[in-house]
Amino acid sequence: MSGFFSAIAEAVSAFLGFIDPLCGPAGLFRWFAEGTLLACGDAGWGDEIAVGFLVTASLAVATLPVGLLLGFFIALAKQSQERSLRLSADIYTTIFRGLPELLTLFIVYYGLQILVQNLLSALGYQGAIEINAFFAGMIALGVVFSAYCSEVLLSAFKAIPRGQYEAGYALGLHHGRTMRLVILPQLIRVALPGLGNLWMALLKDTALVSVVGLTDILRQTGIAARVTKEAFLFYSIACALFLVLAFLSSLAFSAIESRVKRSEVRR
Amino acid sequence: MSVVTSLIPPQAPPPAPAQPYTLSRFFGSVALGIWLALAVGIFLTVVDGWDPDKFAKYGPSYLSGLGVTLLLVSLSVTLGALVSLPIAFARMSKNKVLSWLAYGYVYFFRGTPLLTQLFLVYYGLGSFSAELKALGLWGFFRDAWNCALLTFTLNTAAYQAEILRGAIESVPRGQHEGAASLGLPKRVTFFKVILPQALIVALRPYGNEIILMIKGSAIVAIVTVFDLMGETRRAFSRTFDYQTYLWAALLYLMIVEIIRNLWAWFEARLTRHLKR
């Protein structure tokens with residue numbers, strides 16, 4: 001069984017190595033940076049930076065569904081009839097929109113460590129616990145993202161007239177299906193620009209996770225800068241890579257936007 | 001023939017239907033319970049781990065860190081507002097080169113993380129120490145605080161330029177035309193007609209920008225500036241006491257909430273002529 005999983009992992013890493021935009025067969029560094037500090041392999045820092053690029057992108061992509069789902073439920077809680085639910089959702093957004101992201105990250109990183117340590121020592125396990133930086137970053141950034149996302153979705157919910165819900169019920173759809181078939185498609189259309197901004201903020205916030213030791217773009221370029229004493233070059237590359245990510249996501253968002261708006265009347 | 005001889009005596013109203021115990025009420029109670037348990041738990045750990053020595057030792061440094069944070073943010077927001085003016089006008093200018101330059105500036109500073117920009121200035125410019133020494137600027141760039149101030153000013157200038165441009169362009173064309181038909185010169189039109197209306201639109205984004213800067217300023221702790229976050233990290237590394245982060249969280253939440261409420265009051269006051 002473990003052979004099966006390792007075969008899958010190998011196939012995935014081979015695939016990622018193949019499509020790698022920096023050090024793959026058609027990679028930027030492979031073709032244009034041979035013999036420089038950015039060469040791939042042991043000669044340069046190209047492959048380390050390529051790993052960092054992948055880690056940054058995958059952290060942002062892994063955080064997105066967590067934050068979106070949590071934010072959706074918090075937006076629902078905020079417009080609920082129940083006062084206690086509204087109050088607790090408001091407390092959540094006030095706290096996580098007010099705290100600096102870096103502080104949230106530290107609180108989650110060290111807090112989780114202490115929590116798990118205490119829990120395990122209560123169960124009789126003695127030993128040092130190390131929380132995965134990727135996991136802690138995913139939770140901290142997801143929580144912050146969900147707090148902002150709930151506000152965006154709440155204002156999008158308010159833009160949908162009551163008649164849409166009533167029409168759904170009149171067709172005999174129950175609550176969940178009305179939400180899924182009638183409200184959600186319109187909600188996405190209204191909320192998309194706001195969500196695009198939040199995605200950009202999330203992409204930039206992933207740089208913070210390098211502080212607790214995640215091997216993302218900034219950490220890898222930082223190590224390279226310290227070793228080679230070419231700080232300006234490597235941090236410029238980090239900036240350029242983030243710009244590339246921002247550019248790619250703006251392309252993706254305009255594609256999604258034109259897709260969700262295809263039902264609208266052309267004027 | 002029948003005659004009504006007595007009225008029906010008044011009846012008590014039917015009892016109110018019992019409020020059903022819904023799922024959302026259950027979840028609301030659970031969520032509130034979790035918050036309450038967290039608050040009580042944090043309070044208990046603070047009381048349990050209360051150490052007057054630590055408080056006396058690190059309390060003043062927290063306050064000085066808070067001062068550094070507030071000074072850094074207020075200086076950089078003010079300087080950034082000044083720098084943002086030429087950028088916003090370059091962005092709106094008809095000159096293609098100018099507008100593209102300004103767009104590139106804004107795209108760079110909005111598209112990359114503040115932390116990367118800070119590293120680029122603080123560590124990256126260190127690569128050019130010889131040239132900077134020749135120019136006599138090395139004294140400035142050697143200090144982390146100066147580098148942080150410079151980076152934050154440039155960063156917030158990009159955001160503020162976008163806010164200003166959006167606000168100015170949101171003023172309808174008719175306002176320009178109305179002023180022109182009254183014979184007002186361009187300069188007077190801008191300062192007396194366009195800018196007052198634009199600034200009201202820009203008020204809320206400016207408030208958000210200040211709050212974002214306060215939150216973003218926490219990262220200067222990584223380049224050894226002892227702001228609130230830096231003092232917190234120092235206290236944590238000496239005591240390994242988790243409470244240090246909770247105190248910092250409390251202070252940050254307090255500043256952000258105070259500014260948010262002040263700004264809301266400010267906005268309500270400035271837009272009271274628009275209320276109907």
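This is a predicted model: local features need pLDDT of at least 70, side-chain atom pairs count only at pLDDT 80 or more; totals for chains, interfaces and linings use all residues.
Residues are numbered from 1 along each chain as its sequence is written, and chains are lettered from A and ligands numbered from 1 in the order in which they are written.

Trainee: What is the mean pLDDT of chain A, and in which helix is confidence lowest?
Mentor: pLDDT is the predictor's confidence in each residue, from 0 to 100. Chain A has a mean of 85, with 90% of its residues at 70 or more.

Trainee: What pLDDT does chain B average?
Mentor: In chain B, 100% of the residues score at least 70. The average is 89.

Trainee: Which residues of chain A does the annotation "domain: ABC transmembrane type-1" cover?
Mentor: The label comes from an unreviewed UniProt entry. UniProt positions are given in the numbering used here, feature names are shortened, and annotations may be inferred rather than shown by experiment. In the model that span is 82% helix and 0% strand, with end C-alpha atoms 20 Å apart. The record gives residues 53–253 of chain A.

Trainee: How far apart are the end C-alpha atoms of residues 181–202 of chain A?
Mentor: The unreviewed UniProt entry lists 181–202 among the spans of chain A annotated "transmembrane region". Helices (H or I, at least four residues) and strands (E, at least two) are DSSP runs, numbered from the N terminus. By that count the span is 100% helix and 0% strand. Its end C-alpha atoms lie 28 Å apart.

Trainee: And what is the helix content over residues 89–112 of chain A?
Mentor: The same annotation takes in 89–112. The end C-alpha atoms there are 22 Å apart, and strand is 0%. Helix content is 92%.

Trainee: How far apart are the end C-alpha atoms of residues 242–266 of chain B?
Mentor: In chain B, the "transmembrane region" annotation of the unreviewed UniProt entry includes 26–46 and 242–266. Residues 26–46 are 100% helix, with ends 30 Å apart. Residues 242–266 are 96% helix and 0% strand, and their end C-alpha atoms lie 37 Å apart.

Trainee: Which helix gives the most to the side of chain A that touches chain B?
Mentor: Two residues are in contact if their C-beta atoms, placed from the backbone, lie within 7 Å. The contact takes 36 residues from chain A and 35 from chain B. α4, α5, α9 and α10 of chain A each supply at least two residues of chain A's side. The most, 9 residues, come from α10(A).

Trainee: How many nonpolar residues does that side of chain A have?
Mentor: Ala, Val, Leu, Ile, Met, Phe, Trp, Tyr, Cys and Pro count as nonpolar, Asp, Glu, Lys and Arg as charged, and the others, Gly among them, as polar. That side has 7 polar and 4 charged residues. The nonpolar count is 25.

Trainee: How are α6(A) and α8(A) oriented to each other?
Mentor: Axes are lines fitted to C-alpha atoms, for helices over the stretch in contact, and angles run from 0 to 180 degrees between N-to-C directions. Here the axes come within 9 Å and cross at roughly 160°. Angles under 35 degrees count as roughly parallel, over 145 as roughly antiparallel, 65 to 115 as roughly perpendicular and the rest as oblique. α6(A) and α8(A) are therefore roughly antiparallel.

Trainee: Is the crossing of α7(B) and α9(B) left-handed or right-handed?
Mentor: A crossing is left-handed if the near helix is turned anticlockwise from the far one by less than a right angle, and right-handed if clockwise. α7(B) and α9(B) pack at about 145°, with axes 8 Å apart. Their crossing is right-handed.

Trainee: How many charged residues are in the contact of α3(B) with α7(B)?
Mentor: These axes come within 9 Å and cross at roughly 115°. The contact includes Arg110(B) of α3(B) and Glu162(B) of α7(B). Its residues divide into 7 nonpolar, 1 polar and 2 charged.
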